[in-house]
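Dear colleague,

I am handing over the structure below, and I would be grateful if you looked through it before reading my notes, which follow it.

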Amino acid sequence: QEQQDTSKDGLMKRRKKIGVLTSGGDASGMNACVRSVVLYGISKGCDVYAVYEGYQGNRGIQVDGECVLGVVVDGSLVDGGDYIRKMDWRSVTGYLSIGGTSIGTARCMPFKTREGRLQAAENLIKNGIDSLIVCGGDGSLTGADLFRSEWDGLVRELRGADRITQEEATTFKHLTIVGLVGSIDNDMSSTDITIGAVTSLHRICEAVDSVDTTALSHSRAFVIEVMGRHCGWLALMAGIATGADFVFIPEQPPSEDDWETAMCTVARRHRDLGKRKTIIIVAEGALDRHLKPIKVDHIKDVLTDRLGLDTRVTILGHTQRGGSPCAFDRILGTVQSIAAVDAVLASTPETPSPMIGMNNNKVTTKPLMDAVRLTHQVAEAIESQNFEKAMALRDPQFLDELKVFNETTILYDNSILLPAHQQLRIAILHIGAPAGGMNSATRAAVRYSLNRGHTIYGVTNGFTGLAHGSFEKLDWMGVDGWTTCGGSYLGTNRAVPGKDVDMGMIAYQLQKNNIQALMLVGGFEAYVSLVELEKVRSHYPSLCIPISLIPATVSNNVPGTDFSLGCDTSLNVIVSSCDAIVQSAQSSRRRVFVVEVQGGRSGFLAVEGGLAVGACAIYIPEEGIHLPRLQGDVNFLKSLYDTDDPQKSEGRVILRTEGVSKTYTTQVISEILEDEGGARFDSRTAVLGHIQQGNTPSPLDRIRASRLATHSIDFFEEMTRTALDLAHSQQKAPPLELCKNEESVAVIGLCGVEVHARPVKELLPMTDMKNRKPLDEWWHRDRSLVDTMAGRSYHSCKE
Ligand code: ATP
């Protein structure tokens, strides 16, 4: 029966009926999309239908008496199990943690024909669906846009053949289409990242890390093929994240015709340094400059014949698509799908079909066909051997990432050396708690510096070590393998200059060791250190050098960056721990876990973790905890367990940031829930503690670390060039004071995917020093979504 709402002017208005489908190759995070469209769509008063099996599912069949009048597209699609089904709140339980797509996907040939699309249109109309959210790759989105552009004609044809009534033809005059990009390749233009790509990168890095240990044991070479027909994103990112020796990608074939010799030269040079393993990563669509495919078996033969290496081939294949989605894809799928529903609600017959994307950490809505057109241009540019254009059509950071890979992984033959007078003596030190990516940043800084001709020292044990003169010269092989290692090899502590360590000793040691640039890697203590060093520069000439901070803390509370190193690793630990906890709670039935997460006075981990695990409540320092709030949560949980099916009652999690309240501890909250829940539910606690600081850094943290480290070295060079050139032109020794300007003490941070140097002086007015965080943090925008996805209103929980 048609459900209707009464609008303000008293006219009856149809409820929006949204269909959601997943199409093309499966990608982890598609389920997060379906869940989010269903939950958010329902919360907005829409009816939401899942169209099973992608476009193939447009032939509806009768399900629970709800969606009749399905029409089979053609004989080849008769096999059962495909349908259009109305979804409710419970239909998507558990979806967040499941890889692939639970509503099925397919590559549907009939949809490429007008007859197929005509029947699809009929099925949608007969099911009352007026809006379609399509999650898939460029093929799926091309099909979706074509479908919409033909819609008027399809409706007329259906009416002419009397397959639909006049009323239906009038009611369904317009079709709304919104595209979500679900694809592991990250090959869609106009968005920084596609849903599923980061999970796929996780699978690749896990595999390469595993291959690494056997390669090291046997001193072997491995040639590893990863997916990517027209796009080298996966191969390049895996190369950076695992420290591979060489990568082959379709957009940028090796510059030499004789790439075999170029590759062997690099592999030989690395072996001569003492490397026991050689890892080559090849995108499946890799080409040489003449468009001849570069195949793994040929690479294997070259390494075996020319270098005598014991070489094996590993083709990762479909393992790359599989497994539970990582935190990033769960969050991406969730927030983009919310935007997709909003786009459906905002759409008019005149607006072109939008594609929901992500640019610099902001959800965007752009014309779908423009994005598809640009995407196809990359493949065309490759086909016409215009590789420069192919690279230019990729996102700007892709070029940066290629440079980062090359210049931190390949030891160059002096070709990118700076003139001798511009070469610096750089020191790097870690401060604060360990965070995933600290070692990766150090490795990248060391290798990039060596390629540029700098000398680089690791300072052991933070500023305490610095004051004692604990400088250790770092070399290429000394940091080999560091990119995949968690913790801090240099050693770290919380001592801050001027407060815990004598500033005079720090200045003395810097001068004694002739340090010309200082890189700090750490969290808020590192930020405070930066502030303190900047303050006293006028008293200590040896502090008049460029000083940078690479933010690294699981709390993600350093001003000047959207993401600090370690926060993605930590989110993934929370996700995998909560998945296990939910499974346990599910098995015990009617159990609520109160899970304590880190974060100091920042609710970042609880908010983003809450979105990624589907928490039913979160407690964060920014809001505090008070009795009415607890009462509201108890009532909410009671209502949930009252309506649950007792046979399969859900396990639920609440995330509580460690520092949120001294009174309402994790244990206290759990006991309150246990008492109040009575027979409805019980409660347990889980304190994740230091495991959140990670073991193996996530691929994103490794990549971010490598980019920030190389940009930090670029920053040092830029800040010192003028003084060094002047001294050189005057045939003088470099001055002790290389730079005094405010810009030369800066946080090297991420604004979305872009790297920026933000002077600490500029950041100070935007810092809440008392609560150790920026005054304004981007993730607050996601706070209310945690409650929306839990099926409750944000305001009621704030009361
Ligand atoms: P992936 O990136 O995983 O390959 P994709 O969406 O690009 O995903 P495709 O196989 O190209 O995967 O397309 C999926 C489905 O979308 C096709 O099976 C077909 O039903 C539909 N489709 C693709 N291209 C078109 C088109 N030009 N016209 C109509 N429908 C299309």
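How do the residues of the shell around the ligand divide into nonpolar, polar and charged? There are four nonpolar, ten polar and four charged, where Ala, Val, Leu, Ile, Met, Phe, Trp, Tyr, Cys and Pro count as nonpolar, Asp, Glu, Lys and Arg as charged, and the others, Gly among them, as polar. Please keep in mind that this is a predicted model, in which local features need pLDDT of at least 70 and side-chain atom pairs count only at pLDDT 80 or more, while totals for chains, interfaces and linings use all residues. Residues are numbered from 1 along each chain as its sequence is written.

The ligand is surrounded by 18 residues, a residue being near it if its C-beta atom, placed from the backbone, lies within 6 Å; Gly 24, Gly 25, Gly 137, Gly 139 and Gly 143 are the closest. Helix 3 (residues 138-160) contributes six residues, the most to this shell, helices being DSSP runs of H or I with at least four residues and strands runs of E with at least two, numbered from the N terminus.

Strand 22 (residues 652-657) is largely enclosed by the rest of the structure, because six of its six residues are buried, that is, with 20 or more other C-beta atoms, placed from the backbone, within 10 Å of their own. Strand 20 (residues 591-597) pairs with strand 22 in the parallel sense over six bridges, pairing requiring at least two DSSP bridges, and Val 592 stands opposite Arg 652.

As for confidence, the model scores ipTM 0.96 and pTM 0.93.

Best wishes

Notes. Buried ≥ 20, exposed ≤ 12 C-beta atoms within 10 Å, placed from the backbone.
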